[in-house]
Amino acid sequence: MSPPPLSICVFCGARPGHDARHVPVARDLGARIAARGWRLVYGAGDIGLMGEVARAAQGAGGDVFGVIPTHLMQAEQVREDVGRLVVTDTMHERKMLMFTNSDAVVVLPGGAGTLDEFFEVLTWRQIGLHDKPIYLLDSEGYWQPLIALVEHVIAQGFASPSLRALFQPVADLDALETALAP
Ligand code: AMP
């Protein structure tokens, strides 16, 4: 019997960033999620890397679940035609709903919002609230400074070395797919 389809929560930039190499990675992630028959759970916007992931997933026939707070519907150009769209009152509800409807979290390059989302699910895991895998997709080494910061925090005694095991950097999409479905 084949395993049930996974729901993959993708946190990523609402901008494309300066390095154009992240865009095809975002598109490829969306296409691979669709090709596997998995569901994309994301922030429902049509801008930046988040728009790229969603358009690619939908273009490949994938199921997409978007969650957006009312006050960002215009700024993030909500994609109304996703498989399921939930509009929340707050950012906290958005984050919680995305997370509770997912089996795993993938973090693509992004800015402060993406960092907030990463640290939220990481710290939830640190205090034992869940055990869902969290993958940092290290596209073009984008997350190396973040990984170095985590090492610094551990070296300085502000986190247990066990923090390292609570998220997994993956170098590329092949490594991510293998980790998600060995
Ligand atoms: P950024 O990485 O700053 O481009 O933001 C990526 C996404 O994170 C955007 O859709 C933001 O709206 C979202 N975001 C920013 N802060 C939060 C938050 N506190 N909770 C949930 N989503 C957020």
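## Helix pair

A crossing is called left-handed if the near helix is turned anticlockwise from the far one by less than a right angle, and right-handed if clockwise. By that rule, H1 and H2 cross in a right-handed way; helices here are DSSP runs (H or I, at least four residues), numbered from the N terminus. The axes of H1 (residues 22–35) and H2 (residues 48–59) come within 7 Å and cross at roughly 35 degrees, with axes fitted to C-alpha atoms over the stretch in contact and angles running from 0 to 180 degrees between N-to-C directions.

## About the model

This is a predicted model, where local features need pLDDT of at least 70, side-chain atom pairs count only at pLDDT 80 or more, and totals for chains, interfaces and linings use all residues. Residues are numbered from 1 along each chain as its sequence is written, and side-chain values use heavy atoms, leaving out hydrogens and water.

## Ligand site

A side-chain N or O atom of Glu76 sits 2.5 Å from a ligand oxygen, while a backbone N or O atom of Gly111 is 2.7 Å from an oxygen of the ligand.

Conventions: Helix = DSSP H or I, 4+ residues; strand = E, 2+ residues; numbered from the N terminus. Polar contact = N/O pair within 3.5 Å; in protein donor to acceptor, adjacent residues only side chain to side chain.
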